[in-house]
Amino acid sequence: MKSRIVAAAVATALLGLAGIFAPPALAATAAKQRIDLRVLVLDDGTTGVDTLRAQLDREGVPYDALTLGADTRPAITPAFLADTAGGVRRAKYQGVILPNEGSVTGAEATALADFEREFKVRQIDAYTWANPNVGESTGWSGVLDGATMRVTDAGKAAGFGYLTGAVPIDDRDPATPESFGYLGASAPAAGATFTPLVTATPPGGGVTGSLMGVYSHDGREELAITLAANRYQTHALELGHGLITWLTRGVHLGYTRNWLSVHVDDVFLPDDRWDTVHNCTVGDDCNPQRDPAVQPFNTTIRMTKDDVSALVAWQNSRGIKLDMVFNGGGSVEAGAGDPLTAAYLAAKGQFRWINHTYDHAYLGCVQDFSVTPWRCTTDARGATQWVSQADISAQIKQNVDWARSKGIPLDAGELVTGEHSGLKTLPQMPADNPNLAPALAANKVQDVASDASREPAARPVGAATTVPRHPMNIYYNVATVAEEVDEYNWLYTSTANGGSGLCADNPASTCIAPLAASGFAGYIVPLESRIAYDHVVSADPAPHYAHQSNLAEDRILYPVLDSVLARYRATYTTATPVLNPKFAEVAQQNRRQAAWSAAVRARTVEAYLLDGKVTVTNRGTAALDVPLTAPNGTKLVSASLLGVEVTGAAFGDAYGGERSAWRSVGKGGQQQLRVAN
């Protein structure tokens, strides 16, 4: 009896607080519509649709794709698009992407229009021309390479508010047309409106017109894109999130951030130097019979104490920390009075530190350098000879022990092997060293770096997982501008122009005209910074890596990083900062993304919006981190008792003018959000 009285008292108290915790709409209206958090993509194989699919994939937004030309695809009918669930009308999709406004016809077009009208579901036309069917007329058409787009005030309010306003259109090769567009003028039908979200002016000046705008007509909203784009173009990467935000009204499964972390390998070691006369690396691939015996080519490259001071100053002024991927053996070899070690240890709290093994030993097969290129040593039976588990473990542990003896803060679960060795490396090593995984396990290594140019996806190595890293074409064996330009010319010019000709033999490469000394600032820095920038703005958390040699002498890494940061901070608002994740944080993001992608493929997560509340249910076999994005003001639903909702703290983290987070949802569990109006 006593328990019933207490329960009644609690219920009465909660009902009295209903005006505080429950929005008026909750009590005033009955549930009418449920919108499932999934996008419908009607795909005809064109690059416009592919560009939007790529953005959905980057953010982890669930979608169903129908191939329009396939005979076996389901018909787009009212029943395909909507039904009734729990006594309320249910939209199976929250947004629709079409190749263009005329991609479906007849009964399918009618069903789609009725669906969008009933549920207020938005539509994107991936690429079309400025024509009356999308509320426009063509003011100008042509190649827009190098023009600057502008996000309008309406565009910022509609989902592009993370951008400062100016978005340059790519012009990567002045000799090749890259982006054709139609600059549209507003020409809506009677009773309709057209609102430009992104506009541009032709490169030579003239009329300003819309490249992305919303045609509101017949009770529907249709965003028409009149700029051709593909998934790899920088401006498509920058604008992609805004398109998804507009399509979903800012409420969707998925999560995006812009990341930049840079690993500096070989700290404390000297790096070999490029020989600009013989076009090889002294101590690495030069012929020993002709290795030069005079300066400067026989000198290695190693940072000085002044380089450490410059690094600290750069980090503090840019607000970015670089990761020192170190080899303690280099310090020991340099001797007890090593000025570089003393400078690093005096500033050790300024850096993040990652184990690079004790002295950079190769941890794959036993190498045979009697032939070029080298090969794996084999025994009399032809079996590959591998570096032993004991030797791998010694390289890992000895470096950890050295760091701890110096008070260097270190996560022993992180590892970058020398040259990513131990992992498979084609053509010599088609498989990992079988002794690597047990050595990692014995030393409790969870995250081991890999080369993203060889293996772009993370994968297990025993109980550990790889973390792909992007290499930068700021070479390990150069410290001066002259050396970088010389090696770049050797690799990327034809034999006729004095180069190696490798660019002509490699179908993935392009030969260039030889660069002069000014080519470092005029060609290499813009190209390499653009490549790195594209990684940053494509929701890719993978670190980049360079080498300690690049922070010595001419310190040639800094101009590239400065260019990346300058472009980023000119394009994105201060509410959308570039994040600087630690190695373990990158690994965690990779694991979350992989698990989420698997759940999306298996359709084990149900999520919908009903009367302003998002409900996510995990129907999988284990707990799952679920990515969610919602407008500012959205709150977590902490309880619901006797029909009264109690909201708790603000949902997620602020980023780009909205809220987003990974939320852990247990097996069979739910997560609910009260979405801000």
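Author: We can begin with a proline in a loop. Pro427 lies between strand E23 (414–415) and helix H13 (436–442), in the loop that joins them.

Reader: What is the peptide bond from Leu426 to Pro427, cis or trans?

Author: Most peptide bonds are trans, and most residues other than glycine have a negative phi. From Leu426 to Pro427, omega is near 5°. The bond there is cis.

Reader: Which loop holds Pro373, and what is omega for the bond from Thr372?

Author: Pro373 is found in the loop between strand E21 (367–368) and strand E22 (375–376). The peptide bond from Thr372 to Pro373 is cis. Its omega is near -5°.

Reader: What is the phi of Thr357, and is the residue buried or exposed?

Author: Thr357 sits in the loop between strand E20 (352–355) and E21. Its phi is positive although it is not a glycine, with a value near 75°. The relative accessible area of Thr357 is 0%, so it is buried.

Reader: Where does Asp218 lie, and what is its phi?

Author: Asp218 belongs to the loop between strand E13 (209–217) and strand E14 (220–225). It is not a glycine, yet its phi is positive. The value is about 55°.

Reader: How confident is the predictor in the chain, and where is the pLDDT below 50?

Author: The average pLDDT of the chain is 93, and 93% of the residues score at least 70. Where pLDDT is low, the predicted coordinates should not be read in detail. That caution applies to the stretch with a pLDDT below 50, which is residues 1–31.

Reader: Which residues have the most contacts inside the largest nonpolar core?

Author: In soluble globular proteins, nonpolar side chains tend to be buried together. The largest nonpolar core here has 93 residues. Helix H17 (residues 557–571) gives the largest share of this core, seven residues. The residues with the most contacts inside the core are Tyr344 and Trp353.

Reader: How many residues are in the second, separate core?

Author: Among its members are Ala599, Val616, Val665 and Val675. This separate core has 22 residues.

Reader: What kind of pair do the rings of Phe268 and Tyr344 form?

Author: Phe268 is in the loop between strand E16 (262–267) and strand E17 (274–275), while Tyr344 is in helix H11 (residues 339–346), 76 residues apart. Phe268 has 1% relative accessibility and therefore counts as buried, and Tyr344, at 0%, is buried too. The ring centres are 5.4 Å apart and the planes stand at 70°, so the pair is edge-to-face.

Reader: Which residues do ring pairs link into a cluster with Phe268 and Tyr344?

Author: One of them is Trp353, which touches residues beyond its near neighbours in sequence, including Phe268, Phe326 and Tyr344. Besides Phe268 and Tyr344, the cluster holds Phe326, Phe351, Trp353 and Trp402.

Reader: What kind of pair do Phe80 and Tyr93 form?

Author: Phe80 is in helix H5 (residues 78–81), and Tyr93 is in the loop between E5 and strand E6 (95–98). Both residues are buried. Their ring centres are 6.0 Å apart with planes at 35°, so the pair is tilted.

Reader: In which sense does strand E1 pair with E5, and in which with E28?

Author: Strands of a sheet pair through backbone hydrogen bonds, either parallel or antiparallel. Strand E1 (residues 33–36) and strand E5 (residues 88–91) share three bridges, with Gln33 opposite Arg89. Three bridges also join E1 to strand E28 (residues 605–610), where Leu610 is the partner of Arg34. The sense is parallel with E5 and antiparallel with E28.

Reader: Over the face of which residue does Arg34 lie?

Author: Arg34 is also in contact with Arg90, a residue of strand E5. The ring that Arg34 lies over has its centre 4.0 Å away. It belongs to Tyr608.

Reader: Which are the edge strands of the open sheet of four strands?

Author: The order of this sheet is E15-E30-E34-E33, with antiparallel pairing. Strand E30 (residues 624–631) and strand E34 (residues 658–665) are joined by eight bridges. The edge strands each pair on one side only, and they are E15 (252–253) and E33 (653–655).

Key:
Residues are numbered from 1 along each chain as its sequence is written. This is a predicted model: local features need pLDDT of at least 70, side-chain atom pairs count only at pLDDT 80 or more; totals for chains, interfaces and linings use all residues. Side-chain values use heavy atoms; hydrogens and water are left out. A nonpolar core is a set of buried Ala, Val, Leu, Ile, Met, Phe, Trp, Tyr and Cys residues joined through side-chain atoms within 4.5 Å. Buried means under 20% relative accessible area, exposed over 50%, partly exposed in between (1.4 Å probe, protein chains only). Helices (H or I, at least four residues) and strands (E, at least two) are DSSP runs, numbered from the N terminus. Contact means heavy atoms within 4.5 Å. Two strands pair if DSSP finds at least two bridges between them. Rings of Phe, Tyr and Trp (its six-membered ring) pair if their centres lie within 6.5 Å; planes under 30 degrees apart count as stacked, over 60 as edge-to-face and the rest as tilted. A charge sits over a ring if NZ of Lys or CZ of Arg is within 6 Å of the ring centre and within 35 degrees of the ring normal. pLDDT is the predictor's confidence in each residue, from 0 to 100. Lists of a residue's contacts leave out its neighbours within four places in sequence.
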